[in-house]
Each structure stands twice: as C-alpha cells, then as structure tokens.
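I opened a notebook for this structure and wrote down what I looked up. The model goes here before the entries.

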Amino acid sequence: MNSTLDLAEPAARLADIKPSPIRAIFDRASELERAGERVIHLEIGRPDFDTPEVAKQRAAQAIADGKVHYGPNAGQPELRAAISRYLDRRHNLTYSPDDEVLVTIGANEAVFLAIMAFCGPGDEVVIPVPAWSAYVACVRLAGATPVILPLSADDGYQVNPDALAAVMTERTRMVVLCTPHNPTGAVTDPKRLAGVADVVRDTRALVLSDEIYAELVYGGQRHISPASVADLRHRTLVVGGFAKAYAMDGWRLGWLAGPKELVRPALRIRQFTTICPTTFAQLGGAAALDEAGAEREAMRQEFERRRNVALEVLAQQDVLSPGEPGGAFYLYLSYPERLGPSDELAWRLLEEQHVAVVPGTAFDSDGGKHALRISYACGIDDLREGLNRLVATVQSN
Ligand code: PMP
C-alpha cells in the first residue's frame with residue numbers, strides 16, 4: 001500500500017472548521033478540577049437550574065407508554081402543536097403546526113438545516129459579529145461564504161441598516177439575526193428591525209432569526225421577533241428552543257418555524273440525516289411549553305437578579321465595559337488594548353485565577369481581540385467571586 005496516502009485527510013469543507021475555543025477553556029478547567037483546584041465557571045452558556053418537573057414526568061411517562069420508536073420527520077404532532085401555540089401566545093407569531101413548524105435537535109440543528117437548505121457555493125450569508133460561532137461554521141460547511149458585519153459597542157451592538165446595506169450584494173442569500181444576542185446580551189431595537197426590513201426588501205435574502213434567548217429579556221422590555229415585523233415574516237425562519245429558557249439543554253430540542261415554502265426544504269434534509277428528534281423527549285418538551293411557564297419566569301427573574309449583581313460589581317471599575325446587556329445571560333466585556341489579546345488574558349485568568357471566561361475571538365470578531373464573554377448562568381456567589389477576581393486581575397495590569 002502507498003504509505004503517502006493520507007487516510008485521515010478530511011474533506012475540503014472542513015479546512016476552516018476550527019475546534020471551539022470555548023471547549024478548549026472548558027476542557028482545561030475540567031483538568032484543573034480533576035487536579036483538585038476549584039474553578040469558577042463563567043464560560044458556559046448553560047443554565048445551572050434543573051429542568052421543570054412536569055417535563056421530566058411527561059417524558060418518563062412517555063417512555064413507560066412505549067413512545068420509544070421513530071416519529072414523524074417533522075416532529076411529534078403534540079410538540080408541533082405546543083410550539084405553534086407558544087409562538088402565538090408569547091411572540092405574536094402564527095405558524096401552522098402541520099407544515100410550518102419543524103421540531104429540531106436543539107436550536108443548533110435548526111440553524112444547520114436552515115443554512116444547508118438555502119445556502120451553497122456562490123451564496124453569501126451576512127453574519128453580524130461578534131456572533132455565536134456556529135453560524136460561520138455552518139455557512140462554511142454549506143460551501144457558502146460568510147460575510148462579516150461588525151457590530152460596535154458604541155452602537156449598543158445593534159445591527160445598523162446602513163452598514164447592512166453596504167455589505168449586501170446580489171449574492172446575499174441570508175442575513176442572520178440573533179436577539180437577544182449571544183455574546184453581547186443586546187436586544188435588537190424594533191426600529192432597527194424595520195430598517196433591516198427596508199434593506200432586504202426586493203432582495204432574495206432570507207432572514208435567519210435566532211431567538212433561542214427570547215424568554216430571557218430584562219428591565220421590563222419584551223422580546224420582539226423579527227418575523228413579527230411587517231414585511232419580514234415571509235422571508236424569515238425563526239429558530240427557538242428549550243435549552244436556555246427551560247434549562248433543557250441536554251434534551252436536545254428546538255424548532256425551526258417559518259412559511260411552509262421555507263420549512264419544507266429543511267425537512268428534506270432531515271429525512272436523510274437525523275430522521276426525527278428523540279420521541280419521548282419531545283413529549284416532555286410539549287409539557288414544558290404548555291405547563292412550565294411559572295418555572296420559566298422564576299428562572300428569568302433569577303437571571304435578571306444575577307445580571308444586576310454583575311453590573312453592580314462592574315460599576316465599581318472602569319476597565320471592563322459591559323455595554324447594554326438587556327437579555328440572554330451574557331456580558332461581553334470590552335477592555336483597553338493595553339491588557340493584551342483576549343486569548344492570552346482568558347488563559348491567564350484560568351491558569352492564575354482559576355476563573356474560566358471566553359475570549360472574544362471565539363465569536364468570529366476582530367473586535368473580540370479585546371473583549372471577554374462571561375456567562376451569568378452560574379450561582380450568584382460564584383458570579384461575584386469570579387468577577388472580583390477578574391476585576392482584580394485587569395486592575396493590576
Ligand atoms: N443559538 C445561540 C445564539 C446559542 O447561544 C446556542 C447555544 N449556545 C444555540 C443557538 C444552540 O442551542 P441548542 O442547545 O438548543 O442547540
């Protein structure tokens with residue numbers, strides 16, 4: 001056999017798919033913990049709460065009832081109906097459970113399917129950055145081209161319609177929006193959404209609207225879905241899920257909702273990839289949407305309390321700027337260049353202070369060279385302690 005043959009050479013489409021820096025930090029933190037150190041986890045975007053009891057019970061009952069087989073490709077009818085009711089009740093969106101809602105394996109699969117279904121070689125996808133890194137990765141896997149639209153702290157990390165118009169071309173096939181936003185916590189101003197609608201009008205750009213944090217909005221604001229804005233619904237695919245608002249990240253459930261012409265192509269991929277999400281998990285998901293509103297609201301209030309505590313701690317210093325975090329459970333802390341690149345700072349914090357945070361460069365943004373993301377989806381004592389150590393480190397430099 002020819003020894004120069006490289007059997008492990010991955011497909012070309014993987015060339016730009018890098019391991020997640022968040023994972024690298026998490027793995028090193030776990031290693032320190034195994035060695036007996038106490039690490040404060042401000043890196044993970046995962047609620048520290050337990051899943052609502054009603055969802056667990058319904059899923060357990062579903063197993064007992066033998067709901068352990070394949071289900072419809074689009075998801076269990078009970079859950080599609082629950083999602084449809086939920087979107088109507090909470091976000092003023094009307095989608096038919098029959099053909100406008102696809103249950104997905106987490107919001108992540110919804111993003112992947114939407115991009116794979118509509119974007120390919122020659123297509124451009126506009127991604128405002130900093131951004132959750134899966135958008136760029138999925139666009140690359142699809143063979144399409146990510147087009148970066150920088151968001152700025154001075155503009156509250158809002159999408160600027162003029163800047164969007166400047167990066168759009170006749171090849172723009174999709175524009176990604178995420179509100180509330182990971183990693184900045186920004187909640188998109190409805191006026192900006194109207195501006196986006198004006199820019200995409202008369203183009204063939206779809207909008208991929210990631211609303212996984214829709215329930216985590218603070219300060220008396222409320223979530224406004226881009227799809228509920230006049231002129232956007234017919235070109236928008238809404239992504240949502242259970243991981244953040246219902247503390248059900250390990251259940252791997254989410255959804256893709258939109259006009260049936262847009263949902264159907266995603267379903268065609270599903271038929272030949274994942275078949276359907278776990279049947280009994282979906283029944284638990286339906287129970288969460290229908291019956292766990294009080295638990296969801298209690299968790300939201302606790303996140304809001306933590307956000308306020310974090311902002312109070314940060315108000316006592318002026319090196320780290322948190323911007324205007326109105327939602328999600330993240331603070332994106334920009335800092336002066338003299339503190340050095342975020343990769344180095346994040347690793348130093350982990351090794352020397354045992355505080356795990358995410359370097360801004362994990363979010364596909366040059367601006368992230370001088371920013372760190374912290375998550376407040378952890379206990380309030382850890383949050384205070386972690387922030388105090390962070391502040392002490394940056395102040396001593
Ligand atoms: N969208 C955003 C903006 C996220 O931050 C995440 C998870 N970190 C997801 C989607 C994926 O969520 P899920 O666990 O439901 O796949």
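How many bridges join β2 to strand β8? I counted four, with β2 and β8 (residues 254-257) running antiparallel. L102 has L256 in β8 as its bridge partner. I took helices (H or I, at least four residues) and strands (E, at least two) as DSSP runs, numbered from the N terminus.

I noted that this is a predicted model, where local features need pLDDT of at least 70, side-chain atom pairs count only at pLDDT 80 or more, and totals for chains, interfaces and linings use all residues. Residues are numbered from 1 along each chain as its sequence is written.

Next I looked up the sheet. Seven strands make an open sheet with mixed pairing, in the order β2-β8-β7-β6-β5-β3-β4; two strands pair if DSSP finds at least two bridges between them. At the edges I found β2 (101-104) and β4 (145-150), each pairing on one side only.

Then I turned to the ligand. I found 13 residues around it, the closest being G106, A107, N108, G241 and A243; a residue counts as near if its C-beta atom, placed from the backbone, lies within 6 Å. Helix α4 (residues 106-118) gives the largest share of this shell, three residues.

Last I checked the domains. The assignment, automatic or from a database, gives domain 1 (14-50 + 294-391) and domain 2 (53-292). I found 35 residues of domain 1 in contact with 34 residues of domain 2, where contact means C-beta atoms, placed from the backbone, within 7 Å. On the side of domain 1 that touches domain 2, α10 gives the most, with seven residues.

Technical notes
Contact = placed C-beta atoms within 7 Å.
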